[in-house]
Amino acid sequence: MNKACFFNISGWISIVSLGLTFFLSSSAIAATPQSAFDHIEHSFDLPPKALPIQIIVQKLRHEDTFLVGNRGPELTAFMDPNCIWCHRFYEKAMPLVRAGKLHLRVALVGFLKPTSAAKAAAILAAKNPAQALAFDESHFNVITEEGGIRPDYQAPLAIRRAVSDNTQLLAETGEEATPTLLYYTKAK
């Protein structure tokens, strides 16, 4: 039997098995995509009912995601490069990743600010997306709530589609804020 759960992203949450607690915002602001992304069909309205968790997990296996760390239980995080709460989550999660207690799968989305999708594309297009995400986070401006990576408005179409597909998959979870966390286990 397979088990998975989404963590509620409003208020305080605790990932008990990881001993990680942080506060997440309950709102997200939709933004119009930049012109380089206009040709991609954008329909981010949430469906009336979220897809079953097994379908979300199956789709994640085929989406453009990347791993941070190489040991520990895997936690999937839908993150926007301009999300202050994603930034705070990343800061709290990285000591666990470095200690081998957490393996983070990142699904980049882009909807919070006009530069979000192009920044997500810049990270995904990098030779080492985990390193590019680390740069975005280490140069994050908490005052303006902007990630530090330069937007890539000329990213290849496949990369821009990946950001769009990840953003659509986030909507299909039934959540509309970042970070949305997914923990999936195979029960014995």
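1. E146 has a relative accessible area of 22% and is partly exposed, where buried means under 20% relative accessible area, exposed over 50% and partly exposed in between, with a 1.4 Å probe and protein chains only. This residue forms a salt bridge with K119, with 2.9 Å between the closest N and O atoms; the term requires a side-chain nitrogen of Lys or Arg within 4 Å of a carboxyl oxygen of Asp or Glu. The pair links distant parts of the chain, since E146 belongs to the loop between α4 and α5 and K119 to helix α3, 27 residues apart. K119 is buried, at a relative accessible area of 5%.

2. The model is predicted: local features need pLDDT of at least 70 and side-chain atom pairs count only at pLDDT 80 or more, whereas totals for chains, interfaces and linings use all residues. Residues are numbered from 1 along each chain as its sequence is written, and side-chain values use heavy atoms, with hydrogens and water left out.

3. E146 also meets K113 in a salt bridge, at 3.4 Å from N to O. Because E146 lies in the loop between α4 (129-138) and α5, and K113 in the loop between β6 (103-108) and α3 (116-125), this pair ties together parts that are 33 residues apart in sequence. K113 is partly exposed, at 22% relative accessibility, and K113, K119 and E146 are linked in a network of salt bridges.

4. In the whole structure, the search finds 4 salt bridges. E172 is buried, with a relative accessible area of 15%, while K59 counts as partly exposed at 31%.

5. Helix α1 (residues 53-62) has I53, I56, V57 and L60 as its buried residues; helices here are DSSP runs of H or I with at least four residues, and strands are runs of E with at least two, numbered from the N terminus. Seen down the axis of α1, these residues fall within an arc of 95°, so they line one face of the helix, the arc being that of the directions from the helix axis to the C-beta atoms. On the other side of α1, R61 and H62 are exposed.
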